[in-house]
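Dear colleague,

Please find the sequence and the structure below.

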Amino acid sequence: MGPMKQTAHPPDHRTVRTPTGTAAAPAPPPARAATRRRPASQQWAAWAFLTPVTLYLVLFYAYPLYRNIDLSLRNYTVRSFVQGDAPFTGLENYGKILDDPTFAPALLHTVVFTAVCLVFQYAIGLALAVFFHQHFRLSATLRALFLVPWLLPLIVSASTWSWMLNSDSGIVNALLSTVGVDPVNWLTSPSWSLTSVIIANIWIGVPFNLVVLHSGLQSIPASLYEAAALDGANSWQRFWRITFPLLRPVSAITLLLGLVYTLKVFDIIWIMTKGGPADSSTTFATWSYQLGFGNLLPAFGPGAAVGNLLVVAALVFGLVYIRVQRKQALS
Amino acid sequence: MNRSPSRTWWKTATGLLLTGIMLFPVYWMLNVSFTRDQDMRKSPPDLFPADATLEGYRAVLDQQLPYLGTSLVIGLGTVVLTVALAAPAGYALAKLRPRGGGLLGFLFLVAQMIPGIIMAMGFYAIYLQLGLLQSVPGLIVADSTLAVPFAVLIFTAFMSGIPGELLQAAKTDGAGALRTFRSIVLPMSRNAVVTVSLFAFLWSWSDFVFASTLASGGAHQPITLGIYQYIGNNNQEWNAIMATAVVASLPAAVILVLAQRYVAAGVTAGAVKD
């Protein structure tokens, strides 16, 4: 970003120095002096505009993050939480959560949840993007309607899916019974709860993949497809030889961003299953909340420790995403 | 290219079918919201509310209006705070070439990646000491963190497109940076302001993580908590729960109908959602 704009800088200076005379107010001498030292005064102006948001970044991102690290390094009780005199215990909270019987299942569920959601969201999103990339009546309108699941509040989606997956009165089991499948305890059986929250989350994530991949498709020149069609390539070959390879940069961005945002999914799982039954759908996100807010006796320290592991994972993939994006912007 | 009408007709039909499948949960929410209590546990459930009732919506009017009001106030507050913080920042980053601006932009990208619950836990610890728990301003500030990084990104991208000559002309006429920003940059950035406002409102309206950690049990709770407590308290009255869900979805519906192009622009600008 920076270098490109600097090349536009010198001409700006020249235009400033040639007063048009039509200006209503003849510039007073002090303003002239300021004009000569524009870079410095512009720096001041820039940072005056940036000060509120910088303070905001420090107060409302850096400080909560710092508080969270502090929480994870002390032995907090409800009383010391209020009084702020909790003893420093180093990495004890981290040791505690590593030894916790919930650790292994939470890790496994986080990985499975993230991977399965990503694969299906991407595959379905890509198939739909290719489909809607064709020209047919209502194409744009229908594509816009696909945004609905993404725009709905998560509590709305989660409660709707909860009722649809209800064991006794849910529509999903009713539909399954018409094809002779026995009712499934979607939300109350430990072997199905993770699948249920994955299904709901895929539904929510498809629109994002569809929209981003669709915009990626539009940058592939139509002439390539026409040439391939002349060479006798069928649509399957055109997809694998042209669409898929040329969409790779957009795919990488979509998947990486999806990864960062799926890792931290909390609302859907918490509202549908609270991570249960018996931790069968718990991930790091819900476990962290469970520790900090889900019990009568909050365990802020371990909760913050779990949360920080999640931050590290999100930031690692986030930095990979930023790197990939920068590289693409340069090339 | 020549396409026979029958071929595109099939595509439209397939598209309608796919959209129907995708939106089935939304239809189901509407259907259940009109279903009578005595039909709720019917097996198999009615695919369509033959004996439609407004009981559910009456319950919304009786019980959920304060929650909706709180969400509206918090949503509007979040919009104002977000635009007030992000628009000047976008202008500075796009047009004033500050030293360290690149780093700041990078920090905002990183800030977006911090999981919501971690932010919530930090806010909880801070608000507990400041006595800001269960307060509307507290929730506005917390919700704005969902939108500010995105807003800075959108404003920076949009304001980069404003021609430099225009700003230069303003300078020549003796306008300072503040004046230029207020009378030229901001009016020209109307579309960016709309996009940012829509998303800031929608995200704050939809927020559940901050609401449940920072506002739970207070006098002013947003609609997401209203629904959540509904599910917990009386899981028999699903028509009332789904009616509340329908009402809570109205802002999303309005935005989709009135401002669809802004939404698509926002998503592809690297838009993000928890």
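This is a predicted model: local features need pLDDT of at least 70, side-chain atom pairs count only at pLDDT 80 or more; totals for chains, interfaces and linings use all residues.

Residues are numbered from 1 along each chain as its sequence is written, and chains are lettered from A and ligands numbered from 1 in the order in which they are written.

Confidence in chain A

The average pLDDT (the predictor's confidence in each residue, from 0 to 100) of chain A is 83, and 88% of the residues score at least 70. Over residues 1-38 of chain A the pLDDT stays under 50, and the model has 22 contacts beyond four places in sequence for them. Two residues are in contact if their C-beta atoms, placed from the backbone, lie within 7 Å.

Chain B has 13 helices and zero strands. Both are DSSP runs numbered from the N terminus, helices being H or I with at least four residues and strands E with at least two. The C-alpha trace of chain B spans about 75 × 70 × 30 Å along its principal axes. Of the 274 residues in chain B, 49% are buried; a residue is buried if 20 or more other C-beta atoms, placed from the backbone, lie within 10 Å of its own, exposed if 12 or fewer, and partly exposed in between. Among the contacts in chain B with a separation of 6 or more, 78% join residues 24 or more positions apart.

The contact takes 90 residues from chain A and 86 residues from chain B. On the side of chain B that touches chain A, helix 5 (residues 116-130) of chain B gives the most, with eleven residues. That side divides into 58 nonpolar, 20 polar and eight charged residues. Here Ala, Val, Leu, Ile, Met, Phe, Trp, Tyr, Cys and Pro count as nonpolar, Asp, Glu, Lys and Arg as charged, and the others, Gly among them, as polar.

A helix pair in chain A

The axes of helix 15 (residues 248-263) and helix 18 (residues 300-330) of chain A come within 9 Å and cross at roughly 165 degrees. Axes are lines fitted to C-alpha atoms, for helices over the stretch in contact, and angles run from 0 to 180 degrees between N-to-C directions. The two helices are therefore roughly antiparallel to each other, a term for angles over 145 degrees. Among the residues making the contact are Leu256(A) and Val260(A) of helix 15 and Phe317(A) and Tyr321(A) of helix 18. The residues of this contact comprise 15 nonpolar, three polar and no charged.

Individual residues

Pro222(B) sits in the loop between helix 10 (209-215) and helix 11 (223-233) of chain B. Pro222(B) is buried, because 32 other C-beta atoms lie within 10 Å. Not counting residues up to four places away in sequence, Pro222(B) touches Tyr67(B), Thr70(B), Ser71(B), Ile74(B), Ala211(B) and Ala215(B).

Most residues other than glycine have a negative phi. Lys274(A), which is not a glycine, has a positive phi of about 55 degrees, and Asp279(A) has a positive phi near 65 degrees. Lys274(A) lies in the loop between helix 16 (267-273) and helix 17 (284-294) of chain A, and Asp279(A) lies in the loop between helix 16 and helix 17 of chain A. Lys274(A) is partly exposed, with 16 other C-beta atoms within 10 Å, and Asp279(A) is partly exposed, with 18.

Yours sincerely

Definitions and conventions: Angles under 35 degrees count as roughly parallel, over 145 as roughly antiparallel, 65 to 115 as roughly perpendicular and the rest as oblique.
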